[in-house]
Amino acid sequence: MHLNELETTENLKEVEEAWIALEKSILYYQGRPVGTVAAYDASVEALNYDQCFVRDFVSSALIFLIKGRTDIVRNFLEETLKLQPKEKALDAYKPGRGLIPASFKVISENGQESLEADFGEHAIARVTPVDSCLWWIILLRAYVVATEDFSLAYQPEFQNGIRLIMEICLANRFDMYPTLLVPDGACMIDRRMGIYGHPLELQVLFYTALRASRELLICQGNSDIVEAIDNRLPLLCAHIRQHYWIDINRLNAIYRFKSEEYGKGAVNLFNIYVDSVPYYELDKWLPKKGGYLAGNVGPSQLDTRFFSLGNLMAIISDLATEEQSQAIMTLIEERWDDLVGDMPMKICFPALEHEEYRIVTGCDPKNIPWSYHNAGSWPVLMWMLAAAAVKTNKTSLAQKAIEIAQPRLIEDEWPEYYDGKKGRLIGKQARKYQTWTITGFLLAKELMANPTYLPLISFGKLPAEQVSRACEFEIASVVDPYMSR
């Protein structure tokens, strides 16, 4: 047998073993597959890893859709929709109308099965998930694209479900930005990590869910929601592209910011104090042609950490401009050792360390520097890296990442995350046979092998003139070289 044939055989074996592990994770309810458990690791206490998490199931669902196993995804969408509260509730400790749960599990009592939802009331720190609603809509749209079955989304129950989610997102609020104001821990980073406010990850998912909702909503009976979406989309797009973008030109502008400005002529709109920005470190770290979207922007807040999910999904969803998308991929390529290292890829970079770690995380023992959410390495992000690479014609980067991860993942039994500056250590408390690690790997390979699957989670560009008009309504801003083209 030739060497390349041997490598192909080994690759097929690894993929086959991944599929076997995925099959074991499928969760059944009343004889029907309705999702996948977070992890199938019998060596440790299950805690809530025996539940199906909405955010975790996304990569499983996409790989099932690609393989034609659409029934699992349809069942998941139908059952989670039934768990969505439909009545107004002003009582404390009750989930608001329209929320999609963080997770659910199957309960058996007296021979009867039921689904029990967790809206965050059992979670660590009791934080309600914001991203579940957004991922649910994105996944519903992916199902429709894969099956061309609009009838599911057009059912009154689904139309009402989408509407209720949009009402939460577009409701009157104590905020005047087009972004979503959310608490810490309301997304994939579900512990205290200083992302309260307007974190990038949720703004990108919000944008993607708005676009998906616009495709799926029937205008009749939803004209107010459709109009609100049409108003919000270009404003949100322009806001993120302008105010979240960081490259060397933008850093130069920030470096010369004045503070305490007032009125319409203000340049430093959010009153960012220059000394709060690590500009000397950024000056060394930013490539000449690279850039990225900041982690958070708000009153006197510019979080300059690189958050992978937000940046990659901004490329995939067409929230980032073509120039920005290329610059983000250039940054990943130029700072490969920092962001990818020995296991794709860092959830964020750099880690919070020393006094900053103690203050921001509250001395969280699970989020010590270079571990878990604090700059740990998460293999699930491989599928987003692959999708972004296909989108930007940088497939060699994704191929390199898969080649790094593939031999380790099967040997290490598919861990949830890795620790260390280069991702060499299996996460201290990582579950093994983590389902979204398995599906992140499988989905990355599928997207690389057949880029025609990209439309499941990708969109076309918003009309340029629509975004340009939105910029006119934005408060005067520092000139962005990308927006001026």
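Predicted model: local features only at pLDDT ≥ 70, side-chain atom pairs only at ≥ 80, totals over all residues.
R141 lies over the face of F459, 3.9 Å from the centre of the ring.

How many aromatic pairs does the structure hold? The number is 17. I will go through two of them.

One is Y177 with F270. The ring centres are 5.5 Å apart and the planes stand at 65 degrees, so this pair is edge-to-face; the cut-off for that class is over 60 degrees. Y177 is in the loop between helix 6, residues 156-170, and helix 7, residues 200-216. F270 is in the loop between helix 9, residues 248-255, and helix 10, residues 279-285. The pair therefore ties together parts that are 93 residues apart in sequence. As for accessibility, Y177 is partly exposed, at a relative accessible area of 23%, whereas F270 counts as buried at 12%.

The other pair is W378 with Y417. Here the centres are 5.6 Å apart and the planes are at 25 degrees, so the rings count as stacked. This pair also links distant parts of the chain, 39 residues apart. W378 comes from the loop between helix 14 and helix 15, and Y417 from the loop between helix 16, residues 395-411, and strand 10, residues 418-419. Are these two buried or exposed? W378 is buried, with 1% relative accessibility, and Y417 is buried with a relative accessible area of 1%.

There is also an aromatic cluster, made up of W285, Y292, F306, F349 and W370. Two of its members come up again in the backbone, so I will turn to that.

Most residues other than glycine have a negative phi, and most peptide bonds are trans. W370, from the cluster, has a positive phi, near 65 degrees. W370 lies in the loop between helix 14 and helix 15, the latter covering residues 382-391, and counts as buried at 11% relative accessibility. Q30 has a positive phi as well, near 50 degrees. Q30 is found in the loop between strand 1, residues 26-29, and strand 2, residues 32-36. With a relative accessible area of 52%, Q30 is exposed.

Now the peptide bonds. F349, the other cluster member I had in mind, is joined to P350 by a cis bond with omega near -5 degrees. P350 lies in the loop between strand 9 and helix 14, the helix being residues 354-361. Another cis bond joins P344 and M345, with omega about -20 degrees. M345 is in the loop between helix 13, residues 336-339, and strand 9, residues 348-349.

Last, helix 12, residues 322-334. This helix has 13 residues and spans 18 Å from first C-alpha to last, close to the 18 Å expected at 1.5 Å a residue. Which residues of helix 12 are buried? They are Q324, S325, A327, I328, M329, T330, L331 and I332. In general, an α-helix has 3.6 residues a turn, so residues three or four places apart point the same way. For this helix, keep in mind that the buried set includes a run from A327 through I332.

That is what I have.

Conventions
Residues numbered from 1 in each chain as written. Heavy atoms only, no water. Helix = DSSP H or I, 4+ residues; strand = E, 2+ residues; numbered from the N terminus. Buried < 20%, exposed > 50% of the residue type's maximum accessible area, 1.4 Å probe, protein only. Phe/Tyr/Trp six-rings, centres within 6.5 Å; stacked < 30°, edge-to-face > 60°. Lys NZ or Arg CZ within 6 Å of the ring centre and 35° of its normal. Expected span 1.5 Å × (residues − 1).
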